[in-house]
Amino acid sequence: MKLATDIGGTFTDLVYLDEASGELGTTKSSSTPPNFAQGILDTITKANLDAKAVAHFVHGTTVVINALTEHKGAKTALITTKGFRDVLAIARANRPDIYNLRFKKQPAFVPREYRYEVEERLDYKGEVLTPLNEADVAKIAAELKAEGIEAVAVAFLHSYANPVHEKYCAELLKKHLPDMFVTSSSDITKEWREYERSNTAVLNSYVQPVASSYVQNLENALRDMGVKSGLHIMKSNGGTNTFELSKQQPIHLVESGPVGGVIGAKAIGDLIGEKNIITMDVGGTTAKTSLIEDGVVKFTTNYYIEKDPFNPGYPIKVPVVDIVEIGAGGGSIAHIDDAGALKIGPQSAGAVPGPACYGQGGDKPTVTDANLVLQRINPDYFLGGQMQVDPELSKKAYTPIAESFDVSVEEAALGVVRLADANMVNAIKLVSVRRGYDPRDFALVAFGGGGAMHAASLAKELNIGKVIIPFATGTFSALGMLMTEPMQDFIRTKVLPGDENGLAQVRDILTEMNTEAADFMRAAGYPEAKFSFKPYIDMRYVGQEHTVRVPADELNLAKLESQFHDLHEQAYTFRLESPVQFVNYLVTITVSQDPVDLSRFKPKAGNNAKPKAQRQVYFEGGWQDTAIYERSDLPLGQKIAGPCIIEEPQTITVVHKGMQAWIDEIGNIVIDTGVGHER
Amino acid sequence: MTDPFTLEILKSRLMVIAEEMFITQGRSSKSPIIYEVLDYACAITSSKAELIVQANGVAGFLGALTFAVQDVLDKFGVEGLSPGDIIATNIPYEGGGSHLSDVSMIMPIFYQEKLIAFAVNKAHWTEVGGKDAGSMTNDSTDIYQEGLQFPCIKLFEKGKPVAAIIDLLAVNVRTPDSTLGDMYAQAAACRIGQKRIEELCDVYGLELIHLAISSILDEGEKRARAALKTLPKGTYFAQDEVEDDGMGTGKTPVQVKISITDDSFIADFTGTGKQALGSINCTRVALNAAMRIMFIAITAPQIPANEGIFRPLTVICPDGTIFTAQRPAPTSTYWETRLVASDIVWQALGPVLPERLTAGHYLSVCSEVLRTRNPETGEMALLVEPNAGGWGAGVDKDGEDGMFCMGNGQTYVLSSEVAETRYDVLVNHYGFDVKPGGEGKYRGGRGLIREYQMLSPGSITASFGRSVKGAWAAQGGNAGTPNAIEVKFSDGRKSVSSGKVTRIPLHKGDLVRLITGTGGGWGNPKDRPHTKVLQDLKAGLICPDVAKKVYGLEAKG
């Protein structure tokens, strides 16, 4: 039995697969903050599962991101190279809010009084200039104890080139303070730039006590229920970690929740032969999009928390699936700003009071209200009829916008839907066009509560020919987690010339990294036969700073160079005659799992499903008599023409005029938007 | 009639174009001053040179790009422009507007053979030739010593590079590879702007594009006028001085009179002293740009900037002052004076706008050109960087420690690890300067000290303005500390400490200390709560003596 659980602010989702019977099931239960483990146990009980039969458990958690954004972590200290205690507070000294002459910097997670300096120094090659002063470390250890510090990060200059001093310092600290949580920056990342690496180590320390006790409690509770082994937590890179590793490097869990859907989309793409996918996950407060190229999920180490157009944020240099998130979800509020322009979000009505139609006191017009005014959402079938919503309240909420623009309430609601669509299109362009990809070469996989409502029009705008609304849309993130595999990324920086000499060194580095990766996974208890390695090299033109990531399965100089030139041109529109350099080396190790059998979703045969109803739905051009289908009524392959709406308890799919929709062999809704080109 | 929502959507599409140009340019550049300092900006203007949308790395370029576009229109006229043309200018007295290092590139965008907009960007090139490496120096006496001048000329004609000009450029600069690399990155960004605008025209049609542009501008004006109404009306006055031109001119007095009414904002610099001999001269376009920043900073700092916003703003200054220097005045360190122009407006309005303005900050860009070599290849390498410093305290907040000056913005300090890899130096120290200064009920933010130890011979040229007096304080606080460059020689020569150093030869083992000022304090230091003073003491931000003597903290035990 395999289980996956995804904890959201409102609900905890559970997806389970019983390999013996082939049964794949889902269940939901209310989340139980602050003791989230209880919600998980509740779902297992509710689904009436035999905990003893669980062989593989995957969990997506928000414990790390919550501790960070609420600034509720441990009392943390930093130990750094003499002369550099203020690096953490100077940060990069940038002011994104450039015309604000009263700008406030975001404060460092460790205040100056807890930033300690140690005599030691390496040069940029990693050679020791000044040995580590052990007496300094002993003195600091005593102070940490006296100050009641709970966790400490060690970050020395050039430790990416040689971690020797960091390792020794951590060892000494452990000797002096056996119970202290200690993080060495080079254990988390071997990329250069001292501020970013230090901050990453500090944030790992900052969340470590709370995260490790969370993981420990969950482990105890699961063991008490009878789950014996196979405990995993979803990592930000789209793979999983063991519980043990999660306790040591909790910072890898920072985006543990949202990546499940992207992995699910990739898995579905693998099953149906769609290798190029753009995902669109529309939830209550945000829309998230990501791009999968040739079956590979993209990740980045340029990840920040609390970054926005006006704040620099805090960098975390761990691999995170490259997701762009914007404030346009179902609960996002439409409003008219001071100069009369219509805007959506980032304010959201949330779950409480919720959209106006909930009748819980919210009177602000949300995107969900707009879809209700347009009669795209069926008020009698909201959450499968479990929740009562009132379209009159939605209309009332839209009246001010209608009056302001001197249009009807329906036109105002349609305007808001179109503007929300435009914002989502801009987000999709960030992950595609801006990185040199043409959306026409991709299929759009949409999920989350609102994805299916907007997907077809987004695709049309972007000239995407095919839209896929996967099965199990409402619990799709958890389903994605079920399909993930243990995965760890190793990254190192060393600038080398792009010639045969450089390549010879690269070969040595990658071999060493493969060994390191295999040792790592072996130590975590995984069988070597299942290991697979994927190497990349970040390359650039000499003199450039930013790099382009080049697959390095074959270490052939001519091939690497030509791939680099092509990828550079794709990303930046031009290529140069200049010589190239190797900069960073990446190895991703994956432990392959048996594929999840999705045959249960195979739809029934037939070709004569009829609409369950007709109703007036508002589109561009006005009200139209529209066929309404129930998703579970649709047989395999029967083509239905837009405009129509396909309802299911957790969402609705809008199919526009000129489009066709059908159910594929594993139960996905496929929409042919009619605008694509041959791929 | 156009439906209002299509217009909104089109506007949102237009707004992201400059951002995309900006990212394209930054990611493909070969100079740290572009990809680390982000000393560049990208914009789209209307066919009449009105700013529609701009993406900035630094504040200083706000609103400066439109003047370059205007020059192109004045020189070529619409009939003299073709699709695929890219024009360059860097003339400080005209549309270039700053110093020769800042090169603007302008690309007309045509649709169905009609000129509809311009894509434009402006970037600091590390090298444009001239008498000193890095093209910025303190002792140039005319512009001809400061580098190549591009008098609004076509670098690309109908999409093709003009080989003669590019060859000329390549042999007249010291780092042709990075200079040309940056030129191509800038051209690529222009082309992205062109491509996106054409795509919008394909979808929405010309008429709607024009409507969206005028709507964006009107909206900007509406926002600015609404914000203007909330400002305190009246006339405000401030005077100060530009401290040194590096050529012995001495202090140049400067002054401003600000008049705010319900629908206008007038900055009148009449009475300011004459243009100087040295390179600190500022020109009219730079002064106008500086006032645009101050105007947006005190009205509505977070709204997207466009030409409409600046409609209520008027800047008055006679020709030939240090703010409006005339050819052939040298201008390579013009920012020192431009920042003083901004700062006197800040001083004039600070007391009446505490919700927008703090006490004075370290003010200068504090930039050095350190000539060294690449430790691997031995090739000459120029470390050019602005430095972060301390900001002033506000009515309800301490000043910010170590942050870039008002002329910069989304600028990044150089990583010490990157610096040691690229340049033959060792960074001995990088942290707060905690010497006394900037005390107050709210304290000024701390300036920084960065110490480079030379590992091989080189030289340094630098300009750190505000090196005589520290940042100004408010409401009884203490002034901040001055900026300084210190050089300590290993061979027994006498140490140097100054606001300006020019081509000082350095040997292996010499130390260069870059010291930026602490910001001004706000309110009487004796009113600072003792809990905060104790905290500052524990953090090592102040010494026991200051805690006792300046803050009045009783010695305990």
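Tutor: Two residues are taken to be in contact if their C-beta atoms, placed from the backbone, lie within 7 Å. The model is a predicted one. By that criterion, chain B contributes 66 residues to the contact and chain A contributes 55 residues. On the side of chain B that touches chain A, the elements giving two or more residues are α1 (4-28), α2 (32-35), α5 (176-204), α6 (206-229), α7 (284-299), α9 (416-422) and β14 (425-432) of chain B. The largest share of this side, eleven residues, is supplied by α1(B). In composition, the side of chain B that touches chain A divides into 29 nonpolar, 20 polar and 17 charged residues.

Helix α1(B) also packs with α12 (residues 409-431) of chain A, at an angle of about 15° and with the axes 9 Å apart. Because angles under 35 degrees count as roughly parallel, α12(A) is roughly parallel to α1(B). The crossing in which α12(A) passes α1(B) is right-handed. From α12(A), the residues making the contact are Gly415(A), Arg418(A), Leu419(A), Ala422(A) and Asn426(A), while α1(B) provides Phe5(B), Glu8(B), Ile9(B), Ser12(B) and Val16(B). The residues of this helix pair's contact comprise five nonpolar, three polar and two charged.

Methods
Residues numbered from 1 in each chain as written. Chains lettered and ligands numbered in written order. Predicted model: local features only at pLDDT ≥ 70, side-chain atom pairs only at ≥ 80, totals over all residues. Helix = DSSP H or I, 4+ residues; strand = E, 2+ residues; numbered from the N terminus. Nonpolar A, V, L, I, M, F, W, Y, C, P; charged D, E, K, R; others polar. Axes fitted to C-alpha atoms, helices over the stretch in contact; angles between N-to-C directions. Parallel < 35°, antiparallel > 145°, perpendicular 65-115°, else oblique. Left-handed = near helix turned anticlockwise from the far one by under 90°.
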